[in-house]
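User: Please take a close look at one part of this model, the interface between its two chains, and describe how it is built.

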Amino acid sequence: MTTQKLGLRKKRAAFAIISMALGVIVVVTANSLMEGVRDVAIKTIWTEEIDPDVVRVYAGQNPYEFMPPDEGQPPKAQKRIQYLSESVFDVIRGWSEVAAADRPVAAQPVSISGLDKRPQGIAELQGVPEALLLRYVTDRALVTGSTNAIPLVVGEREVRLRYDEKRGKLEDDPAGEKTWLGREVTIVLGDNYARLSHFSYDYSKRQFTPVGEDDLTAQRDTLERGFRTQFDTTIYNTTLSLKGRVVGFCPGNRVLIPFDAAVLCEKWIDQRNQLALRNPPRNTNQVAYGERGRRGPKTGEYTEGLVIVKPGANIEAVAKRIEDMGFSVATRARTFESQARAFDSSVRIVKEVALAFGALILALSCGLVWSTTSKTVSDSRADIGLFRSLGATKREIRRLFLGEAVLQGVIGTVCGMLLGWALALTVSHWVLGYARREVLDPEEALLIPDTIFSLNIRFCLLLVVGIALVSLLAGLLPANRAANVDPVKALKRE
Amino acid sequence: MIHLENISVEYRLKSERVLALRNLNLHILEGSFEAIMGPSGSGKTTLIQLIAGLLTPTAGDVIVSGENLNRLDDEKISAFRNRTIGFVFQFFNLPSYYTAVDNVALPLVFAGVDERARRERARNLLTEFGLQERLDHKPDQLSGGEAQRVAIARALITNPKIILADEPTGNLDRDTGAHVMDLLQKINRERGVTVLMVTHDEKAAAFAQRVIRIEKGELV
């Protein structure tokens, strides 16, 4: 029976199979990629910004909390904000598990001489405790013994790029890393124009190319319009120049400076804060420094802190103790979990949308399977009459048509699955290529896997079986009609 | 071999009751060659459909090879048709998407014979019928005579006891029709197969040992 066929109505069957395959492509592609995308995103987007032995402490909300665990519950009434202070740091420093606890000093935007013509502006300059800084510096003497300059740590990837004046483009310069070590540079804090993009990425050529003067002017105008809505004009003219020297490379798009040197720029930051408070922003509800409706930090009070735990100490226990003091905390593990929750939620939504879309197409395909089988039954009445006269039972006739219905479903599913895998592999290749190009941090780059494609055999088997069953159901009614064809009438018609 | 006892077949055409066969009694001996003749609508085809178990009589019993067909369920009556009856149709009824071999092998599919064996048997039978050059030809590549020989081969493939032929020469020219009748007669004589043939053609009927005449649902 299996090798005999009634001959599917080709065009109609092809349409049903193609529709079925389309539905399966959507579902399989989403299923094959989402886990991998989630994994890469969680590992590379924020988590790596926090070193594994660092607890970031915040007076306000933890910016690394993407989705609180008690999502869905009404928010608790916010307590009066409690700022960090030297006395708080002293308490924390007194714990046996803690190696260092201090305030960071962050400033942005920042420009660094020699790095002003780079693809992306420096995100932030951070003053950090020496204990944190030392892990990025190869020669301790350069930090502790430096008197004539502020030791800098800059992101590795940027300094590997070399600008070729003649060719007018940035190029990879594997040897560039070493040439930057020890180089003297000038850091300008508050250089708002550091935000200008001097390069744009040409995807067709896969390289950065310099943007034109017109583009730079347009960018400058946009920036200045932004300054006018947010700050008094005196603020964006307030800059501070510092001398520095490159002594190492750190992860992330950051520049780190040792804490002592950061004190130098603290006054500058205070000055900006004061100016911002005196000149509240116009046409906006947000202020750049301090939270609306709350008192700002007084002298000796800080909004952020960094706590470094000793090797082998339980970082989560330390974080919990700080939390119990009334502060928000971020650790790599917590950030990872928070990101995972946020991504899981997004992945779930994408999967649900893909499933709903796939289900819609599959429902349509099942309708087409039903319609194809019905049409085949109508067109094959004479054949059915003949088969019955030659000894086919009703059951065999039913099975013949059900077989064709299931065959359409299975062919559609298998084709869709193969195409879905091919598409997923292509997307995986494209996404990872993009990620490798965009990720600036070498530590982060190491976390990018070879593929984000994953093969869920159980899901695929379930899909084949499920669609075969649905196709079977779709073919049931026409197959029953075929089985009940009166052979006498069918042969008479012939 | 075939016993039809007090057979009546009645059906409704719109609101009108039509009596296709009335109180018909017929006995056909094993190995005989019989022709059924009569005007159109006299009940000839209804008669062979009854014998094939495709139609259930309104009254009376159809007993073929000792089996009362009225008492068989779908599985049994299908098996009976497959093993005992071979059909030859006026318009051959050869599905166009099958080759000659596939068409001949078709009844063996329903008999549960595996593919290799059924194709082998089909090829042998077609060769016996002189169609060895046409094994892989589709029906539209065959002449009328060849197509009818393929149809007869299909009717014989399960070694049935009875061949029911409905106007087997009705779609053929005189010479080809005569060849087909020769073949049916040969099958009847050499294989001992009972042949029951519906025909309008007196020349075809002349090949039969007996002619059964039917009019308005009754034997005359």
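Analyst: The description below follows the interface from its extent to its individual contacts. The model is predicted, so-called local features need pLDDT of at least 70, side-chain atom pairs count only at pLDDT 80 or more, and totals for chains, interfaces and linings use all residues. Residues are numbered from 1 along each chain as its sequence is written, chains are lettered from A in the order in which they are written, and side-chain values use heavy atoms, with hydrogens and water left out.

On chain B, 22 residues are in contact with 21 residues of chain A, contact being heavy atoms within 4.5 Å. About 2,200 Å² is buried between chain B and chain A, and carbon and sulfur atoms give 56% of that area; buried area is the accessible area (1.4 Å probe) that two parts lose on being put together, summed over both. Of the area that chain B buries against chain A, 28% comes from L54(B), Y97(B) and F110(B), more than from any other three residues.

The interface also holds two salt bridges, defined as a side-chain nitrogen of Lys or Arg within 4 Å of a carboxyl oxygen of Asp or Glu. One of them joins E75(B) to R395(A), whose closest N and O atoms are 3.6 Å apart. The elements of chain B that give two or more residues to the side touching chain A are helix 2 (74-84), helix 3 (100-110) and helix 4 (115-128); helices are DSSP runs (H or I, at least four residues), numbered from the N terminus. This side of chain B comprises 11 nonpolar, four polar and seven charged residues, where Ala, Val, Leu, Ile, Met, Phe, Trp, Tyr, Cys and Pro count as nonpolar, Asp, Glu, Lys and Arg as charged, and the others, Gly among them, as polar.
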